[in-house]
Protein chains: 2
Amino acid sequence: MAKVAVLVTDMVEEVELTDPVKAYEEAGHSVTLVNSNEDSKITGKNGETFKADKNVNDVKPEDFDALLVPGGFSPDMLRADPKNAEFAAHFMKEEKPVFAICHGPQFLVDTDLLKGHEVTSFVSVRKDLENAGATVVDKEVVVSRHLVTSRVPDDIPAFNKESLNLLDQL
Amino acid sequence: MAKVAVLVTDMVEEVELTDPVKAYEEAGHSVTLVNSNEDSKITGKNGETFKADKNVNDVKPEDFDALLVPGGFSPDMLRADPKNAEFAAHFMKEEKPVFAICHGPQFLVDTDLLKGHEVTSFVSVRKDLENAGATVVDKEVVVSRHLVTSRVPDDIPAFNKESLNLLDQL
């Protein structure tokens, strides 16, 4: 089964973290919450808290098979530290499965590896995805080779289905 | 004296709204808080509330001499409604003074009119500004013709000084 890293920090849209993680674990995959703060406590946009399993400084992306980037304002905050983009760039370069929902694709702009991908996202960051060289569409889920993207919490069932499909092929 | 529109919605970084507004008003300029929500109540990132003077649907950008875009997550939320970018595009096209701090310049990406400008911003959105064709530097304040940008609340004194300088030239 696959080892999935979830790259996340404060202000995450909670359900975009908890619901996919539940789906991966129920399918038998293992999940590691990775953040870049000194404090391992993660406080979501609506006040729910989580404990990071690992700090991005203490893990290697090579140790994981896939990456989830939940939305909310966590993707914006991840962009403040270039170590996070370096971690994510490994998955994009190696074409390992990458799952990004809502504002999640915004963070992937910092990998400089979205060019040529078809993606969707929350409406507010679509211009940035276009400017990064991606083709942006408005669909509940888009699969572009190894990259799965969705727009909003309502898209989670479709997002999980396509994500699990890629994990099952590993 | 100048008429300054402040384009702002929920999750604004409060001090980036209140401090520049105080500086403009003390210099004799008039300020109008413009938002695009049906509810005129604006709730900032830290819980402070403000009342919008006008809705973006009820004003014309032609009625104002200058535009302020404070930071926080308000700029991201303004991007969800294209009417806001249309309002801001008038100031960029007409080269009227535009003042954007922290995440403020991120919102201006949606005007498609940052190309050729030198700007600064909060670190997390610099890649988006580069991809939009701007030259990004890391300085407390940057004046690029009619456009004044800054990075963080600590830069507010320099941001206000350069902004007032442009307003005084009107």
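K127(B) forms a salt bridge with D112(A), and their closest N and O atoms are 2.7 Å apart. A salt bridge here is a side-chain nitrogen of Lys or Arg within 4 Å of a carboxyl oxygen of Asp or Glu. The model is predicted: local features need pLDDT of at least 70, side-chain atom pairs count only at pLDDT 80 or more, and totals for chains, interfaces and linings use all residues. Residues are numbered from 1 along each chain as its sequence is written.

**Polar links**
- Four salt bridges are counted between chain A and chain B.
- Ten residue pairs, both at pLDDT 80 or more, are in polar contact between the chains.
- A polar contact is a pair of N or O atoms within 3.5 Å; within protein, one must be able to donate a hydrogen and the other to accept it, and residues adjacent in sequence count only if both atoms are side-chain atoms.

**Contact and buried area**
- 18 residues of chain A contact 18 residues of chain B (heavy atoms within 4.5 Å).
- About 1,500 Å² is buried between the chains, with carbon and sulfur atoms giving 51%.
- Buried area is the accessible area (1.4 Å probe) that two parts lose on being put together, summed over both.
- In chain A, F73(A), D76(A) and K127(A) lose the most area to chain B, together 31% of what that side buries.

- The same surface serves both copies: 100% of the contact residues of chain A recur in chain B.

Conventions
Chains are lettered from A and ligands numbered from 1 in the order in which they are written. Side-chain values use heavy atoms; hydrogens and water are left out.
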